[in-house]
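Subject: Structure handover

Hi,

I am passing a structure on to you. Please open it before you read the notes below.

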Amino acid sequence: MTKPNLLSGMQPSAGSLHLGNYLGALVNWAAMQDSYNAFYCIVDLHAITVPQDPSELRANTRRTAAQYLAAGIDSDKSALFVQSHVPAHAQLAWVLQCITGMGEAGRMTQFKDKTQKNGQESASVGLFTYPILQAADILLYQPKAVPVGEDQRQHLELTRDLAMRFNSRFGDTFVIPEAHILKETAKIYDLQVPEAKMSKSAADPKGLINLMDENNVITKKIKSAVTDTEGSVRFDRESKPGVSNLLGIFSLISGETIPALEARFEGQGYGALKGELADALVAHIEPIRNRANELLTDPAELDRLLAEGADRANELAEQTLAKVYERIGFVRAAR
Ligand code: TYM
C-alpha cells in the first residue's frame with residue numbers, strides 16, 4: 001500500500017530553532033516519517049517577507065537543515081529541501097492569490113500580530129500574502145497531514161478553503177489536507193512571559209531555549225524562568241502559567257506524566273524543579289546540538305542532501321502545477 005503524503009516547513013529566520021519549533025513540530029515530524037511519504041521544507045521564500053541579511057539567511061538555511069537532520073529527520077526516508085529550489089511554490093502561490101479575497105487574506109491574525117508594533121503601512125506585500133504561499137507549499141504535495149503547532153491552525157484553514165474553492169471551480173485537483181496538531185505540544189510558552197508563545201521574535205532572548213544553545217546557557221535560562229510566589233509545584237495554566245509551562249516541557253522531555261511530576265516535586269520549591277529540568281534539557285539537547293555542529297562542518301554534503309531532496313520535491317510539485325495550469329486554461333508551451 002502506498003503511504004499518504006505529508007508536508008511541513010519552518011522558516012530559516014534565526015541561527016537556531018527553539019524549543020517550541022522542536023517540541024511543537026520537529027519531534028512529530030521525526031515520528032511520522034515512517035508512516036508517511038514526508039516532505040520537509042525550509043521556507044526561505046517566507047523568511048524574506050521581513051528583511052534578512054543575505055549572508056545570514058544563507059547560513060541560517062544550512063543551520064536549519066542541519067538541525068532537522070540532527071533532530072531525527074532521515075533524508076533517506078523523507079525529502080528534505082529548500083523552498084526556493086522548487087520554483088512551483090512561487091508559481092502556484094500566484095494562482096492561489098488570484099482566487100483569494102482581499103478580505104479573506106486580511107483576516108489572518110498572524111499578519112495582524114506581526115504588524116502590530118510598526119503598523120501595516122511599513123509591512124511588505126509579501127508578508128500580507130504569506131499564508132497564500134504557505135497554502136501553495138502544502139497543496140503542491142497532495143498531503144493528507146500537515147504537522148504544525150497551534151499557531152498555524154488559521155493558515156491551515158485558509159489552505160483547506162482555497163483547495164476546496166479551486167476543486168469546485170476547476171475540478172478535483174487538490175487533496176484537502178488536515179492540520180495535525182497534538183494537544184500536549186501545540187503551544188510551548190515563553191520562559192519570561194509565560195502567557196505568550198515561545199517565539200523567535202521574543203523581546204527577551206532569555207524567554208526561549210534554542211537547540212543550538214550551550215549547556216550553561218540552557219541552565220541559566222531555565223533557572224531565571226518566571227514562576228510565581230506560591231511556591232508549590234502544581235499544574236494550573238490559568239493562575240500558574242510559568243510553573244505549568246515548565247511542567248509541560250519537563251513532561252515532554254522526560255516522558256513522565258504531569259501528575260507524576262507534581263507528586264515527585266511535592267513539598268519542594270521551584271529550585272528543585274528548575275534544577276532537574278535544566279539537567280534533563282541539557283542531556284536531551286546536547287547530542288542534537290553536537291550532531292548539528294558536526295553536519296555544519298561539511299556544507300557541501302548538506303547541499304548535496306538538499307539537492308537530492310529538491311529533486312524528489314520537484315517531481316511531485318511539477319506534476320501538481322501542470323495539472324493546475326491545465327485546469328485554469330493556460331496554453332501549454334509547444335516543445
Ligand atoms: P515557524 O517557522 O514559525 O515555526 C515552525 C513550526 O514550529 C511551530 N511552533 C511552535 N509550536 C509550539 N509552541 C511554540 N511556541 C511554537 N512556535 C513555533 C509552528 O507551529 C510550526 O509548525 N508559517 C510557518 C512555516 C510554513 C509552513 C508551511 C508550515 C511555511 N509553509 C507549510 C507548514 C506547512 C511558520 O512560520 O512556522
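This is a predicted model: local features need pLDDT of at least 70, side-chain atom pairs count only at pLDDT 80 or more; totals for chains, interfaces and linings use all residues.

The ligand

The ligand is surrounded by 28 residues. The closest are Tyr130, Asp137, Gly149, Asp151 and Ile188. By class, the shell divides into 11 nonpolar, 12 polar and 5 charged residues. Three elements each supply at least two of the shell residues: strand 1 (5-10), helix 1 (19-32) and helix 7 (125-139).

Asp137 places a polar side-chain atom 2.6 Å from a nitrogen atom of the ligand. In Asp151, an N or O atom of the side chain is 2.4 Å from an oxygen atom of the ligand. Met198 uses its backbone instead: an N or O atom there lies 2.9 Å from a nitrogen atom of the ligand. How much of the ligand's accessible area does the protein cover? On its own, the ligand has 710 Å² of accessible area, and the protein covers 97% of that.

Helix 1

Helix 1 has 14 residues, and 12 of them are buried. Among the buried ones are Leu19, Tyr22, Leu26, Trp29 and Met32. The helix also bends, by about 35° at Ala25. Ala25 is itself one of the buried residues.

Gln134

Next, look at helix 7, where Gln134 sits. Is Gln134 buried or exposed? Its relative accessible area is 9%, which is under the 20% cut-off, so Gln134 counts as buried. Its side chain has two polar partners to look at. One is the side chain of Gln152, at 3.1 Å. Another is the side chain of His155, at 3.0 Å.

Ile181

Last, go to the loop between strand 5 (178-180) and helix 9 (215-223), where you will find Ile181. Ile181 has a relative accessible area of 18%. That is also under 20%, so Ile181 is buried. Which residue lies 34 positions away in sequence but 6.0 Å away in space? It is Pro147, with the distance to Ile181 taken from C-alpha to C-alpha.

Best wishes

Methods:
Residues are numbered from 1 along each chain as its sequence is written. Side-chain values use heavy atoms; hydrogens and water are left out. A residue is near a molecule or strand if one of its heavy atoms lies within 4 Å of it. A polar contact is a pair of N or O atoms within 3.5 Å; within protein, one must be able to donate a hydrogen and the other to accept it, and residues adjacent in sequence count only if both atoms are side-chain atoms. Accessible areas come from the Shrake-Rupley method with a 1.4 Å probe; for residues, only the protein chains shown count as cover. Helices (H or I, at least four residues) and strands (E, at least two) are DSSP runs, numbered from the N terminus. Ala, Val, Leu, Ile, Met, Phe, Trp, Tyr, Cys and Pro count as nonpolar, Asp, Glu, Lys and Arg as charged, and the others, Gly among them, as polar. The bend at a residue is the angle between axes fitted to the seven residues ending there and the seven starting there. Buried means under 20% relative accessible area, exposed over 50%, partly exposed in between (1.4 Å probe, protein chains only).
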